[in-house]
Amino acid sequence: MAGRWRDLGLAALGLLVLLLVPVVGAPPAIRDFIMFGMAYGLLAMSLNLLIGYTGLVSFGHAMFFAAGAYAFGLAMQSGKFSIPGAFVLAMAFTATMALIVGAICVRLNEIYFAFLTLAFQMLFYNIILGWVSFTGGDQGLMGGIPRPKFLGIDLADRTQLYIFCSVAFVVCIAILRQVVTSPFGYTLRMIRDNQERAAFLGINVTMVKLACFVISACIAGVGGILLTLFVSGAYPNFGFWTTSGEAIFMILLGGSNVFLGPLVGTVILRLLNDITVSYTSHTELVLGIVILVLVLGLRKGPLDLLADRWENRRQAKAQAVRDAADKDAQAGRDA
Amino acid sequence: MDLDALLRCVGTTSCVVTQLTSGMIIGMLLFLIASGVTLIFGVLNVINFAHGSLYMIGAYAAWTFYQLTGSYFVSALGAAVAVGMLGVLFERVLMSKVYGSNVLMQLLVCYAVVLISDDLIKIIWGPVPLSMGMPPEFRLPPIRFMGGVIPPFYLFMILAAMAIGLLLWLVIVRTRFGSVVRAAAINGPMVSALGIRVNLYYAAVFGIGSALAGAAGALAAPVRSLTPGMGFSILIESFIVTVIGGMGSIVGAFVASIIIGLTRSFGSIGFPLFVDGVMFLIMALVLIFKPSGLFGRPHR
């Protein structure tokens with residue numbers, strides 16, 4: 001229970017820090033950077049629920065990012081929905097899609113799972129590209145997303161939009177935290193470490209995986225909605241395979257064993273991107289080389305490595321304390 | 001949705017012949033790529049997500065060799081050999097380092113290679129789509145068959161792919177090399193304990209799989225436009241083929257490639273918007289009713 005209050009306190013603190021950014025008069029560039037970071041951060045954080053906690057390596061997570069974005073954008077453009085209504089509709093759509101894709105994919109072994117999620121993502125991407133009359137094809141949802149006022153909140157105003165996104169973001173992170181610290185979250189880790197044992201203990205592995213898949217997809221969908229609100233449009237590259245690849249890379253950069261690791265990875269990747277773009281147009285080349293160096297050189301993410309070191313040192317210290325205590329006890333017996 | 005057009009087409013032999021050949025060339029390109037994916041997976045137990053890039057490099061290499069030599073046959077052979085060697089290099093330097101680790105690391109290595117090769121293609125050959133044009137060897141009058149028209153190159157492509165497939169099957173089933181490879185697929189460490197340098201066989205299998213992708217690229221070069229990123233969509237289809245046919249089965253890849261090729265060519269008349277959807281539907285049905293694929297053995 002104490003852990004939960006601490007987490008909630010930290011979440012409130014995080015929200016406070018985010019909300020202070022416009023108050024202290026940070027330049028719009030920094031605010032934009034944070035908004036992008038929140039949208040992609042939710043994508044990476046939700047993907048890590050699958051990869052890091054459940055051992056489901058999905059290579060198609062961006063399809064739910066795009067699903068949230070397009071469902072929300074289309075609902076708003078139809079003019080029939082308020083923002084909360086469209087939000088709920090987009091969540092329902094993303095969840096349904098995740099349920100269908102997940103029902104087919106979660107029973108398969110690791111490798112099949114990775115490339116079937118990739119394949120479904122490309123199906124979704126091709127539908128977005130092909131159904132020009134509905135989705136605008138490769139132009140994306142043009143003409144802006146209308147943002148009518150609701151409950152006195154006006155999202156057309158940049159500051160109010162920022163506040164809305166920050167709150168949504170922190171709530172999602174808190175939900176994810178709640179999931180991973182709950183018994184359900186420990187079940188996920190057990191499935192990751194030993195699926196057979198989990199099944200022997202009477203856990204319905206398929207259903208748990210499916211539930212995890214849907215939760216994770218919905219959080220990614222919220223990320224998509226935030227991005228849609230922010231850029232006032234939805235574009236097919238939200239759901240392109242490179243977006244999924246980037247999300248996986250963010251997890252590698254930030255570390256999958258630390259809860260907020262993927263978020264750190266998001267910040268690192270966006271910084272890396274911004275820096276390389278200002279020097280060269282061949283960002284993909286640079287990113288690819290960075291990935292190879294990290295994977296083949298370090299064999300894990302830099303933050304995971306630090307976390308491991310720290311853990312090792314703590315254990316060594318604990319061991320030293322135990323040894324000293326043993327020695328004292330020995331000395332006491334000898335005397 | 002235009003099912004009437006599809007029915008009308010099925011009613012006339014000329015249309016059927018035309019669609020059959022175009023379906024077969026799609027299918028045969030897919031078969032060459034999917035057989036490489038399935039071979040590498042069957043033996044090394046890794047999915048090469050960068051296989052589409054090898055196909056792309058094959059096509060670009062064939063284009064350059066063709067510009068240099070002017071002979072299509074030399075350039076096709078050259079492209080296959082070059083991509084095969086590149087595949088061996090890729091396996092030795094990068095992939096072999098992540099065999100033991102989890103899928104995530106393999107995925108990331110392949111992702112990196114796809115990014116790097118797409119960008120290198122842009123640097124070397126430029127971002128504008130290239131086209132090779134029909135080589136003079138095949139500028140012959142089209143073959144007329146039952147009222148349909150078949151360009152000679154299409155016939156060559158289909159026969160060449162089938163010949164390569166047959167050769168691959170014979171090598172795997174009939175030669176000593178093939179039996180070692182099959183043994184290594186089942187139990188690598190055991191083969192190694194018998195005094196066979198199994199690493200060399202792994203590299204060779206990766207090289208053969210890559211050469212198949214290179215050959216597919218060279219065969220596609222005269223009839224497709226070359227763009228950076230052309231490998232990715234065909235990679236997805238080749239995955240669908242391997243799932244339908246069964247992982248590790250070359251015969252399965254052959255049958256499934258033809259199914260997908262014909263679905264594409266006839267589907268583009270009857271239900272152009274839903275072709276992808278129908279392909280996925282076939283795959284989903286196979287996964288639900290026979291998860292190991294039509295010709296696959298149940299996976300360990």
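These are my notebook entries on a few things I looked up in this predicted model.

**Entry 1: where chain B meets chain A**

I began with the contact between the two chains. Chain A puts 39 residues into it, and chain B puts in 39 residues as well. I then looked up the area: about 3700 Å² is buried between chain B and chain A, and 83% of that lies on carbon and sulfur atoms.

Next I went through the polar side of things. The count of residue pairs in polar contact between chain B and chain A came to three, with both partners at pLDDT 80 or more. For salt bridges across this interface, I found one. The partners are B:Lys122 and A:Glu284, and their closest N and O atoms sit 4.0 Å apart.

Which elements of chain B give two or more residues to the side that touches chain A? I noted α5 (103–125), α10 (230–245) and α12 (275–289) of chain B. Of these, α5(B) has the largest share, 16 residues. I also sorted the residues on this side of chain B by type: 30 are nonpolar, four are polar and five are charged.

B:Leu166, for one, is placed in helix α6 of chain B.

**Entry 2: A:Asp154**

Where does A:Asp154 sit? I found A:Asp154 in the loop between α6 (132–135) and α7 (158–181) of chain A.

I then checked what A:Asp154 touches, setting aside neighbours within four places in sequence. A:Arg147, A:Lys149 and A:Gln160 are in contact with A:Asp154. I also looked up A:Phe72 as a reference point: A:Asp154 and A:Phe72 are 82 residues apart in sequence, and their C-alpha atoms are 17 Å apart in space.

How values were computed: Residues numbered from 1 in each chain as written. Chains lettered and ligands numbered in written order. Predicted model: local features only at pLDDT ≥ 70, side-chain atom pairs only at ≥ 80, totals over all residues. Heavy atoms only, no water. Contact = heavy atoms within 4.5 Å. Buried area = accessible area lost by both parts, 1.4 Å probe. Salt bridge = Lys/Arg side-chain N within 4 Å of Asp/Glu carboxyl O. Polar contact = N/O pair within 3.5 Å; in protein donor to acceptor, adjacent residues only side chain to side chain. Helix = DSSP H or I, 4+ residues; strand = E, 2+ residues; numbered from the N terminus. Nonpolar A, V, L, I, M, F, W, Y, C, P; charged D, E, K, R; others polar.
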